[in-house]
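Dear colleague,

I am handing over the structure that you will find just below, and my notes on it follow. Please read them with the model open beside you.

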Amino acid sequence: MQDRRALSLKAHQSESYLPLGCKLPPQPPGVDTSPRPNSPVFRTGSEPTLSPALVRRVSSDARAGEALRGSDSQLCPKPPPKPCKAPFLKAPPSPSTWLNSEANYCELNPAFAASCDRGARPPLCAQDSYVELLTAKQNGVPGPRNSGTNYLILDDDGAGPWAAPAVQTDQGPEEDEAQFVLPRLETASSFRPNDFESKLLLPENKPLETALLKRAKELFTQHDPKVIAQHMLSTDCVVARILEVSEEMRKSMGVSSGLELVTLPYGHQLRLDIIERHNTMAIGIAVDILGCTGTLEDRAATLNRIIQVAVELKDSMGDLYSFSAIMKALEMPQITRLEKTWTALRHQYTQTAILYEKQLKPFSKILHEGRESTCVPPNKISVPLLMPLVTLMERQAVTFEGTDMWEKNDESCEIMLNHLATARLMAETADSYRMNAERVLEGFQPDEEMSEILKTEFQMRLLWGSKGAQVNQTERYEKFSQILTALSRKLEPPPVKQAEL
């Protein structure tokens, strides 16, 4: 009775205090003592480990007297191997290791691709796996079948791409259209000045050639302001990829419009191109005014024509992008300091001067504060403002002194949130901008030479020459700012006192 009582007490004790070297009670000869991998007895300890590579096994030659812990979950010195219940918690290798490999991945975790190829497929490799069922549900098919090919998907938390089995449906020819195509990351600008085919430019030209400036001014003077605005809108829609977007370009972008692409991380190059065109256009307009070395009346007439084009862009075209470029040029310090020119504008073109002061300048302020929705109906905009958004996304560092007019406001944080909210709405309603642009440009017949002088490549060659157009943006802009200052002082020299200071 005492032996039985002692044996019963030992059976109820915690397994943590059983030494590894203890002997098990003798078993009858007919009882099978081999380990059973599928024991119906419930385990009392926790999982041995979360990683399949670290399955703990207790060897028979362990040191005598070493105690088994409760987490080891077995009383036998040689526990049977058990399959890991969480095989996919192992951290996958870096994307650079397995994305470029030639293995045929068939699971979310590429670490198990080799075992899938050998036939030892994990539980998720079944044909009715969760990934396939989810993909089939999205595609609207009754049941998925593994086709043996792979496509790239993104997990919900944005952790990275995973290789997953493609789903073969019964849709026939539409199968290829439903597959995801990885967007292409653009690293080169769409503007290639030296490869630009032009009827006005020579293969190699110097910056600010007099003949080219004169011809561009003649074309600008001969055409009606509304026609000029139509040419500018047409070019802007192509650069911003609102119109003339081919199916191949849509696949490479991953979206249907450039207005969506500029809000995405891999739209970096398109944002740089938009900044390039905007700054180049503003500098070109300033050169058009400062290059008038004739009479004061000629400069006032040129200024009048530029303001009329801005009015057409605002009211008729709905092109806020080019409108902001013209306003940027007119508000440059090299232009605003021309007091005689502005006085001549007020005397000769009084209505235009009033329109600029009372309508265009306040409207430009509203735009840069992110409040354009309060004064412009959405169905009237063909090209949105764009510049505050791309400036925010492409800025390399935080600046405490504002570089744009809207950043010098006391409510700059609220204004920044307005621009971000406008960008989100712009990406959601990109098709409406396309339809507005198509409606405005319906029946438009562009002039070949006029279209050429408004292209960014022509303006880059005109301003910086064939060699200077390849220089870094920052360096080009800084040098040309000095040129504009010299031209402005040549037209209207500063007072003697100011020059001495």
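The chain has 22 helices and two strands, where helices (H or I, at least four residues) and strands (E, at least two) are DSSP runs numbered from the N terminus. Please bear in mind that this is a predicted model, in which local features need pLDDT of at least 70 and side-chain atom pairs count only at pLDDT 80 or more, while totals for chains, interfaces and linings use all residues. Residues are numbered from 1 along each chain as its sequence is written, and side-chain values use heavy atoms, with hydrogens and water left out.

Of the 501 residues in the chain, 38% are buried; here buried means under 20% relative accessible area, exposed means over 50%, and partly exposed is in between (1.4 Å probe, protein chains only). The chain exposes about 30,100 Å², of which carbon and sulfur atoms supply 54%, with accessible areas taken from the Shrake-Rupley method with a 1.4 Å probe, and for residues only the protein chains shown count as cover. Among the contacts (heavy atoms within 4.5 Å) with a separation of 6 or more, 72% are between residues 24 or more positions apart.

Two packed helices are described by the angle between their axes and the distance between the axes. Helix α7 (residues 225-239) and helix α11 (residues 296-317) have axes that come within 8 Å and cross at roughly 65°; the axes are lines fitted to C-alpha atoms, for helices over the stretch in contact, and angles run from 0 to 180 degrees between N-to-C directions. From α7 the contact is made by P225, K226, I228, A229, Q230, M232 and L233, and from α11 by R305, Q308, V309, E312, L313, S316 and M317.

A search of the whole structure finds 16 salt bridges, each being a side-chain nitrogen of Lys or Arg within 4 Å of a carboxyl oxygen of Asp or Glu. One of them joins the side chains of E448 and K199 (2.9 Å, N to O), and this pair links distant parts of the chain, since E448 is in helix α19 and K199 is in the loop between α5 (175-178) and α6 (210-222), 249 residues apart. K199 is exposed, with a relative accessible area of 62%.

E218 is partly exposed at 32% relative accessibility, as is R215 at 27%, and a network of salt bridges links R215, E218 and E449.

In helix α15 (residues 350-368), E357 and K361 lie four residues apart, about one turn of the helix, and they form a salt bridge whose closest N and O atoms are 3.6 Å apart.

I453 is in helix α19 (residues 448-453) and counts as buried, at 8% relative accessibility. Leaving aside neighbours within four places in sequence, I453 is in contact with L200, A216, L219, F458 and Q459. The C-alpha atoms of I453 and L201 are separated by 10.0 Å, although these residues are 252 residues apart along the chain.

Lastly, M416, L417 and L420 make a nonpolar surface patch of about 250 Å². M416 is in helix α17 (residues 412-428) and is partly exposed, with a relative accessible area of 31%. Patches are made of residues with over 30% relative accessible area and no salt bridge, like charges being joined within 9 Å and nonpolar side chains (Val, Leu, Ile, Met, Phe, Trp, Tyr) within 5 Å.
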